[in-house]
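The sequence and the structure are shown first.

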Amino acid sequence: MTLSTSPIVEDPRRFTYTLFMSATQSICIIGLGYVGLPLAHAFATAGYAVSGFDISTSRIEELSAGRDGTLELSATQLKEVNIRYSSDPAVIKDADFVILAIPTPIDDQNNPDLTPVIKASQTVGKNLKKGTIVIYESTVYPGVTEELCGKILEEQSGLVCGTDFTLAYSPERINPGDKEHTVTKIVKIVSGQDQRTLDAVAELYGSIIKAGVHRAPSIKVAEMAKAIENAQRDINIAFINEVAMLCGKIGIPTKDVLEAAGTKWNFLRFSPGLVGGHCIGVDPYYLVEKAKQLGMQTHVIAAGRGVNDGIPAYIADSIVEKLGGAKGKRVLVLGLTFKEDIPDTRNSKAQVVVKELIRRGAEVEVHDPFLAPEAIKKLGFVPGSLEQGLFDAILLLVTHTQYREMPLQSFVDATKDGGLIYDLKSILDGRKIEASGKAYLAL
Ligand SMILES: NC(=O)c1ccc[n+]([C@@H]2O[C@H](COP(=O)([O-])OP(=O)(O)OC[C@H]3O[C@@H](n4cnc5c(N)ncnc54)[C@H](O)[C@@H]3O)[C@@H](O)[C@H]2O)c1
């Protein structure tokens, strides 16, 4: 693939840019997870020479064998493109554009853990050639790309940032498991440390993103924009979770309240739930940290996190109260991944609910259509299934399609008379469940 950007002659760095802007473009994606792989596929489909580097040899092996464990790409999609997968960082040396899609988790104290981004930047720095544009896609707080990563790249490469190579930032906005809003259908925010880089990156992404690109005026603006998108969702869900807890105390169904309030044109439609995964439940902590660095305390952002992090314990308490105690109660949890229809269990709050119930004395078994019994055991839980009823309580925590499509009777039949069906997302018919002699509870 050749980009058409013509060199700007008055640019003192024109030699470097002229060289690579007129050559066949090659891209190396660092980190082939939920974000990196679909991106690599999109660029390869458009005809770019794409290589993918990942430190996980098992990930490289499965992709080379035509399998994607994240289920973002089908075997057919993997087969239709030619991507050079490698765990040898030497592939970075060939790239005109290096794109990092590296995890940005939090630690046990909810502080941003930038170790993976730092390590990946060191690897890129050691293998950086002159003239490369290094684009970060990971979600970070403003300043990470330029003030942290840029310096690491300079130290490791011996090159000068802004002259020998330049930095760009373009946050990923995909939604894991969402087959409708895929990478090329979402407007891409692009930013660069100078006008030339911004133009090149806008053109690069513009060539694959059907929804178009938005040019942010600076890297920090783009970093901030991404972080607040997720923080905004977190806060809205926190508000509804608090409303749900209040509805529980009052004794009215949250779903009915939201249905009534939702008839107003400007009522924002959010539903209560567990906020897990590696985006919405994590990114606000990056803003909390940035504020802390600047001597500012976040109130709304931190409060939203506090409410949402407290929901697993609240759910466990509500269930135990309804069951009249937890000791010896046989409970089946349906759904352990962090959201529906994906196999990802990282930072899954359903797991926290299970742990909270076990801590209170319940005997919990777990089923998830995306996890084999062995995988459930590996996570430290006991596998179970509806077929192994009767249970004192069945908890539908993650609404995988398989559960949505099940007849109500399957849940009812596996629950003891007088037992409880807990329907976190209110997808079951509570009145029918109660008519069958079982208790019903939702968030
Ligand atoms: N998952 C999403 O839908 C989503 C959406 C928007 C933004 N994001 C953000 O994108 C970033 C990446 O997320 P993800 O979900 O793709 O993560 P992921 O965990 O699915 O994938 C990351 C990959 O990077 C690899 N890796 C880790 N350290 C490495 C290193 N030093 N060198 C090379 N490879 C390395 C891992 O082995 C893994 O395969 C994060 O900042 C995340 O917040 C994710």
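## Basis of the report

The structure is a predicted model. Linings are counted over all residues.

## The largest pocket

The largest pocket holds about 1,300 Å³ of space. Its lining is made up of 47 residues, of which G33, Y34, P103, H278 and R346 are the closest to the centre.

By class, 20 residues of this lining are nonpolar, 14 are polar and 13 are charged. Helix 5, spanning residues 115-126, supplies the largest share of the lining, with 4 residues. Domain 1 (14-217) and domain 2 (251-442) each contribute at least three residues to the lining of the largest pocket.

## The second largest pocket

In the second largest pocket, the space amounts to about 920 Å³. Here 34 residues form the lining, and those closest to the centre are N175, R233, I237, I280 and K339.

The largest share, 6 residues, belongs to helix 8. The lining of the second largest pocket comprises 14 nonpolar, 10 polar and 10 charged residues.

Which domains each give at least three residues to the lining of the second largest pocket? They are domain 1 (14-217) and domain 2 (251-442). For the largest pocket, at least three lining residues likewise come from each of domain 1 and domain 2.

Key: Residues numbered from 1 in each chain as written. Predicted model: local features only at pLDDT ≥ 70, side-chain atom pairs only at ≥ 80, totals over all residues. Heavy atoms only, no water. 1 Å grid on protein atoms, 1.4 Å probe; cavity = no way out; pocket = protein on both sides within 12 Å on 5 of 7 lines; lining within 4 Å. Points joined across faces, edges and corners; volume = space filled by probe spheres on them. Helix = DSSP H or I, 4+ residues; strand = E, 2+ residues; numbered from the N terminus. Nonpolar A, V, L, I, M, F, W, Y, C, P; charged D, E, K, R; others polar. Domains from an automatic or database assignment.
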